[in-house]
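Hi everyone, thanks for making time this morning. Let me put the structure up, and then we can walk through it together.

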Amino acid sequence: MGLLTEGHPLSWEETKKYAQYVREHGVEQFINTYKELKDRRNDSLQWGDEVEFMIIRFDHEKKKVHLLLKAHEILPILMEPENQNPDDCTTLWRPEYADYMIEGTPGKPYGYLPVHFNMVEANMRLRRQQGQELLDKDEYVLSTSNFPRNGCPDCSWPTYKPTTDTSASASLFFPDEFIFADHPRFKILTRNIRLRRNSKVAFNIPIFIDTNTPRPFIEDFSIYGDTAGVNTTAAIKDHIYLDAIGLGTGCSCLQVTFQAQSIDEARFLYDQLIPLTPIMLAMSAASPIWRGYLTEIDCRWNVLCAMSDDRTTEEEGSEPLKNERFRIPKSRYSSVDCYISPDSAKYNDQEVVQDMNVFHKLIENDIDHLLAQHIAHLFIRDPLILFEEQLHLDDTKDTDLFENINSTNWQSMRFKPPPADSDIGWRVEFRPTELQMTDFENAALVTFIVLLTRAILTYNLNLLIPISNVDENMKFAQQRDALRHQKFHFRKSLATEQTPDAPFLTSIQKNKSQEPEYDKTECEHCLMTINEIINGSNKFVGLLNIIQNYLSNIDLDADTQDTINQYLDLISRRAAGTLMTNATWMRHFVANHPVYKHDSVVTDEIAYDLLWKMTKITNDEEECPEVVRKKPSKTTLDVTAAVEQDNNELEIKQSLINNNQ
């Protein structure tokens, strides 16, 4: 969840006092990094995934499932191999916001070899096993985006009750004990968001209206201790009320980070992936149940945005600007606001709020307009947490103050400059994807997005649409069963002047501009179903067809080919609607549960049965053909033979080249 700085945290009043200092020195640190590394070239392709697992506990006798507050116990054990030998780890572990969450990544990034795709699922499985080995009977590592009864009474083990008068979030539903306590960042972040906005966060999710749902639906918050009705004014009828950052950041996700060969390639990839963020959000939808109720949304994204929103009433526009610097349209957790690559400028069709002093300073230091705009936009925000040690840094050698702002702009994509004193290059992070219940699904989603980046770069494709349309797509993507029922703005022709004359592209797209009746003023994008975007149609090539063509032109060993084919088959079937999203499957499970009263309520028993079923599916003890149809993949951690074969073939090719010279 961003930069985990160690040290002595300052109070909110002290942090606020140093806000301008942080911005000024953060910008200076970025300028120094840019000047030093803007000409860096030829970094190797590296990439990796992040999985945020949940830890849960089943009470089989009472038919209840709890969030297990045990991360503080098992993380030190999981992290010990890295502490002992950081250069020889198969997995890496980090704390996350909640004490029921653990974040795992591969020990080393994957690289350019195709065989690395065959390691992803095996490494995810290993991470799950490592966590599982440290748990007791009836305790499990689970991958899903949202615990269905998070915020309900007695939803954790051990059980705690919120203390609204003294807690960091002042929440009626989310106790401080849920927050990971062994790093000060998380609780301080929670408190400072509330203090900065001068109120606790609030969000209302429309409830799914079933045949027996009370109309209007109005909750009685007295069972949570709100006898004075303080929270009633913030709640809306026929909605589920949320009031804590932890009900958003306590959700889990699946992220992918790519290292580019240069800053130019990183900026290009950042932009090209932006239109894909809502598509992958809808494809991975896994969050239909909130605080024990079925709702009208399938994804966590807007909840995260609202629960991390630190804007004051002046900044969000409900009061005239008096004390604040800007009116800010979005939360600092949001979809991307602007493209950053030079060729993308015309698609920035919305005003970008930016600190013009920062912008002019960047321009004066020979940073181009679009990148300067991006940084100046990030730096309209205040720091949310500051450590005393960060006040005495060398701006020519450190980047902590830049990352203080950059890492707390939680957008759907993140542009990541190289860290100080590191051989890591320019990177981009793909952030919207919901976590799936099986390692197979998660590996399939990661493989799909990584392969697509390779195809985009290889064929010089262009996926850009106006940024306003991406925002619309993000709204469409979160609606109930959006994958099957919504249409999304998407570019009609992906080929560019630099795209090779590949038959699979020219037959549908590239030649269209040469037709006599072709109207060059015609809109470059149109509304498509996800099935059309992924699988193609008689008018659009389809992203899977592009990937398949790319794969046909690279060398793949048989096992990796088999594994990738299974992953892409899952993507294709899900896009076509013949396989359910996790969210749709959960809705069907609840609707058909024998104790469900068709009143939108997901009881303890229903949640217990749902998560027990998911646990069995995750551990390959039961099948779920509605969501995943698969044979055992050939994923493996040991790819030595394939790597040696690739190296041998490379040596042979090099030898032939040398002989012909």
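Of the 661 residues in the chain, 59% are buried, where buried means under 20% relative accessible area, exposed means over 50%, and partly exposed is in between, with a 1.4 Å probe and protein chains only. Please keep in mind that this is a predicted model, where local features need pLDDT of at least 70, side-chain atom pairs count only at pLDDT 80 or more, and totals for chains, interfaces and linings use all residues. Residues are numbered from 1 along each chain as its sequence is written, and side-chain values use heavy atoms, with hydrogens and water left out.

Now the overall build. The chain has 23 helices and 17 strands; these are DSSP runs numbered from the N terminus, helices being H or I with at least four residues and strands E with at least two. Its radius of gyration is 25 Å, close to the 26 Å from the globule rule for 661 residues, so the chain is as compact as a globular protein of that length. That radius is taken over C-alpha atoms, and the rule is 2.2 Å times the number of residues to the power 0.38. The C-alpha trace spans about 85 × 60 × 60 Å along its principal axes. If we take contacts between residues at least 6 apart in sequence, 77% join residues at least 24 apart, a contact being heavy atoms within 4.5 Å.

What sits inside? The largest nonpolar core has 189 residues, and F448, F490, I534, L543 and W585 have the most contacts inside it. Such a core is a set of buried Ala, Val, Leu, Ile, Met, Phe, Trp, Tyr and Cys residues joined through side-chain atoms within 4.5 Å. Helix α14, residues 439–459, gives the largest share of this core, with 13 residues. I534 touches F448 and L543, and its other partners beyond four places in sequence include I279, M283 and I571.

Next, two individual residues. L401 belongs to helix α13, residues 400–406, and is buried at a relative accessible area of 1%. Beyond its neighbours within four places, L401 is in contact with Y21, V22, H25, G26, Q29, L386, Q390 and L393.

Is R414 buried or exposed? R414 is buried, with a relative accessible area of 7%, and lies in strand β14, residues 413–416. Its side chain reaches the backbone oxygen of N409 at 3.4 Å. Leaving out neighbours within four places, the contacts of R414 include Y270, R427, E429 and R431.

Most residues other than glycine have a negative phi, and most peptide bonds are trans. Here, the peptide bond from W157 to P158 is cis, with omega near -5°, and P158 is in the loop between β6 and α5. R215 and P216 are also joined by a cis peptide bond, with omega about -5°; P216 sits in the loop between β7 and β8.

As for phi, N42 has a positive value near 65° without being a glycine. N42 is in the loop between α2 and β1 and counts as exposed at 69% relative accessibility. D481 is not a glycine either, and its phi is positive at about 50°. D481 lies in the loop between α15 and α16, but counts as buried at 9% relative accessibility.

Terms used. Polar contact = N/O pair within 3.5 Å; in protein donor to acceptor, adjacent residues only side chain to side chain.
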